[in-house]
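Subject: Structure handover, charged side chains

Hello,

Here is the structure for you to look through. Please open it first, then read my notes on its charges below.

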Amino acid sequence: MYKRIINISLAFSVLLFLATGCGKKTEEKQIPLQKKTQHINQNEKIENVVRERAMNVPIVAQSLFQVILYGAVLDITDGHPITNFYFSATPRGLYKKAGSPGHFSGNIAPDVDGKFVLSNLLESTYTLKVDCDNFRTFETNIFLCERESFVDFSLAPLKNITIKGKVVFEATGKIAPNITVLLSPSANYSDLYATNIPVRKTKTDINGKFSFVSSTIKDGWIGALFIDEPGYARAKYYIYKNYSGEEISLLLRDVSCIKGVVKTLDGNPVSNILVNVYNDYHYAPKFGHKNSFSKELDDSIGVKFEYKATSPTTSSGEFIISNVAAPETYCFKIDSEDYFIPLTLHAEPKSMKVNKGAVAEIELIVLPKSKVFLKVCDEKKQPVLNYKLDVMVQDERGSDSYKKQVSLSSDTWYRVTIPEIDNNGKLSLTATANDEKVAATNGVILVAGETNFITMILSSESQISGFVYYPDESPAIDAWLSANVISNDSFKYAYTDYLGYFEIAGLLAKSNDNIEIYVSDKTRSYKAETNVLFGSQDVEIYLSPLPKIFGRVSLDYSDNPATNFTISINNWKTVAFRNDEGKFSVNMSSNRQGTNFIYITSAGYAPKKVYFDFIKNKACNLGEIILAGKPVTITGRVVDQNGKPVGAYVYLLPEDSGELNVRTDSNGKYIFTDLPIEPVKIRAHTFHGTVESGVIHPSPDKLTKVPDLVVYNTNAVVVEITFVLPTGDYASDALVQNIGKITDEKGTIKKHLRFGEYKNWRILYEDKIYRAEDFYVSQNTKELRVKLIGSSEIKVAFSLNGKPMKKDYVRYNYNGEEIYEDIPNGILVVTNRPGKYVFFNERHKVAIVAELYENEDNVVNFKTENSTLNVELPYKASWAVSGMLKINGVKAEIASGGTETYNSKKIFLKNIPAGEYELWVRCNTPSAKTNFTMRATAY
């Protein structure tokens, strides 16, 4: 047996940790274990464990013995014992799963000296966690290989911080003395009056000022300030961990009232729904927002106005929300399991402007939600009551997802909460049991008002397992791995144990599926990327060191080091540095060769951009970087040809200056602050088009004002459109799905539209979809009367080589829009117009152009073909290729493949249709990352 010595360097105490490893040499001679004693100090970052390993000595896993852990938890400030705390011990690697031996979690009450004893632990790498009120939570990883181990923990108390501010009247700007200010650890207004929530109060002095002395919460959240002054609007102000003691100005705001009614599309009132409003961040910039050149990149203080109706809607659907701050723009949301406020593609949240002292009235139109009830069963079809559930909903606007731990007390259906996303979307569910067995379903169609009952069966999947090593062949302890199934993008992660061993279970994959493996050690200084086949065992992965950049930052062309500065690398990684020498050292996240750049920023100085190249696995010294001069501020307006303000997104060019974009305010004004001293351009994007300034040479000494950017909107007009049903009646209170607007009682909407022809508009009226006749907008168009046509359902039956397709899917392209549909029974219902469609299916590598007709039996028969495309790549590596067949002017993705080994430059796409292809080629290995497109023809 070889000996391992583990050293942990701590700042506040001298610690000793001697341990012997577990294993055996080839001659199988045992060396007695030595006792180890260690003391862990929370204030010091625990560095890498130093491992001594005899070279070329194989590690053979032994049967594990039980470990008894002796320890104590102490206050680091005075050494006194802490006598009540929560403790957890979780093994890594093979025994990390819940229910495996060697786990412990629970509250511990030690003896008067703070000492405790835990038995039944295992010889393994452990994650130990100590949690105690008024102290920082402490978590560390440690290797327990001694039958009796001794560990002492020193916890640091939470730091106090002084919160100070003043209260003023918004209407007059005068100070507000004798006003009650509340500080709560909770952000919920209702918790202010809960008996178990510690809420603190104070009153402003004669100068309108107040202060609190408070400690940070364990996740860095400090708390929320509340004002609940009679006669003024309620408001709350968030204070986060990076608050540094600056004075906060709180406003006493005048109040208004919002009244409304909640109805369905057919005009029926909806009762027992709770309505609330919140200030619209889209139009009102976040308080304290800073762009990416600021000294502090995160908001330190957040302001939010949110008010709920005092009671649910009445039987007539009426609600009232009083005491709201005004003037303010509010969005609306409802708390209901059965209804939602619909949104469509690119639509803004339902919002309105509320003026001071006025009663605002609104009518909210809601749609019924689809309902989903879930039951998860094991392989014997017996219900499982405890599992983790991943939920994702997708529609044409995007996707939303969440995770939930489901715990049922009996064999009942669990109702899945659907995120606030438009219905007629698709639902994907993944359930993971405690034993890592997985069940999943994808593409469940959500239809407004319909109820789905879903039963999922758990199945055990084979695992990927192996070892991770450093370049010197020592095991990478507690390295992080992620595994991604390329075919369906399912994802799992794991950690290595004390031998560098890992297991990954629960992947939604099949045999021979390609799995992407990404590995990073706990210092993030070493990484590895590779591909393996699903089911691979005893995989060996060797980590490679990442390249590093380092240098020194000084100020004002002198030997004055910058003691507080921030570096942004290639616009994606930002690191803050605080030291007396101005030195920095950063590990790159990948072996990215070619031109890179960093931005260095420090408060009061103009940011500086530095370009650099580095050679693979080499360090790059950027030398002395000098910051000088004041930062630049640029402002201007976006207007139309008549000088009226225009809403626009404004970008700073060149685009590699950072993710600098802002939105104009109600006056068309924009502003960029904390910019470097360099020539730039300004570009504004609006509905009517794009406009760009000339080259601007900003001045560091004064505000740089850009001449107005003028957007000419002569290519669009405001049109009043009236929709008429086939019966001749107006389509009142109908949802125009293409633009997300609801018609009035005369079936009319007003919309700013560009000149041109408009086709395939869809209107939802009384739960039925209608198609609008094509219409044209010209320079002189002011009013239009558009007739609606009943949209008959076009049914399509699909077969493959003459056999009906069951439990399958198709993609189709109509009017340039690609749509994915599941066809569990081989039948698809299309609500678009008759005409030519391109249908394709990647699983079977088939595509076809089909003509669909109304009131006829439409049948689409896919036929597999046997052409082969030989793809020759530029160099040997791990490659992946997606093939898009060009058919009827559409690119249909019907084939994909990858190199069979990590050292190959050929891919064969087999059994595909003949024709012209566009190939999307990707390479992602530790030494090469690239993607490109190419054209090829299969015969």
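Does E473 count as buried, partly exposed or exposed, and why? E473 counts as partly exposed, because its relative accessibility is 32%. Buried means under 20% relative accessible area, exposed means over 50%, and partly exposed is in between (1.4 Å probe, protein chains only).

A word on the source. This is a predicted model, where local features need pLDDT of at least 70 and side-chain atom pairs count only at pLDDT 80 or more, while totals for chains, interfaces and linings use all residues. Residues are numbered from 1 along each chain as its sequence is written, and side-chain values use heavy atoms, with hydrogens and water left out.

E473 sits in the loop between strand 32 (464–469) and strand 33 (480–485). Strands are DSSP runs (E, at least two residues), numbered from the N terminus.

The salt bridges

Side chains of opposite charge can pair when their charged atoms come close. A salt bridge here is a side-chain nitrogen of Lys or Arg within 4 Å of a carboxyl oxygen of Asp or Glu. The count by this rule is 19 salt bridges.

Take D254 and K356. Their closest N and O atoms are 3.8 Å apart. D254 is in the loop between strand 15 (248–252) and strand 16 (255–264), and K356 is in the loop between strand 23 (351–354) and strand 24 (359–368), so the pair ties together parts 102 residues apart in sequence. D254 is partly exposed, at 22% relative accessible area.

Next, D708 and R637. This salt bridge has its closest N and O atoms 2.7 Å apart. D708 lies in the loop between strand 54 (704–705) and strand 55 (709–711), R637 lies in strand 48 (residues 632–640), and the pair links distant parts of the chain, 71 residues apart. Both count as partly exposed: D708 at 35% relative accessibility, R637 at 31%.

Within it, D338 forms a salt bridge with K371, with the closest N and O atoms 3.6 Å apart.

Best wishes

Key:
Helix = DSSP H or I, 4+ residues; strand = E, 2+ residues; numbered from the N terminus.
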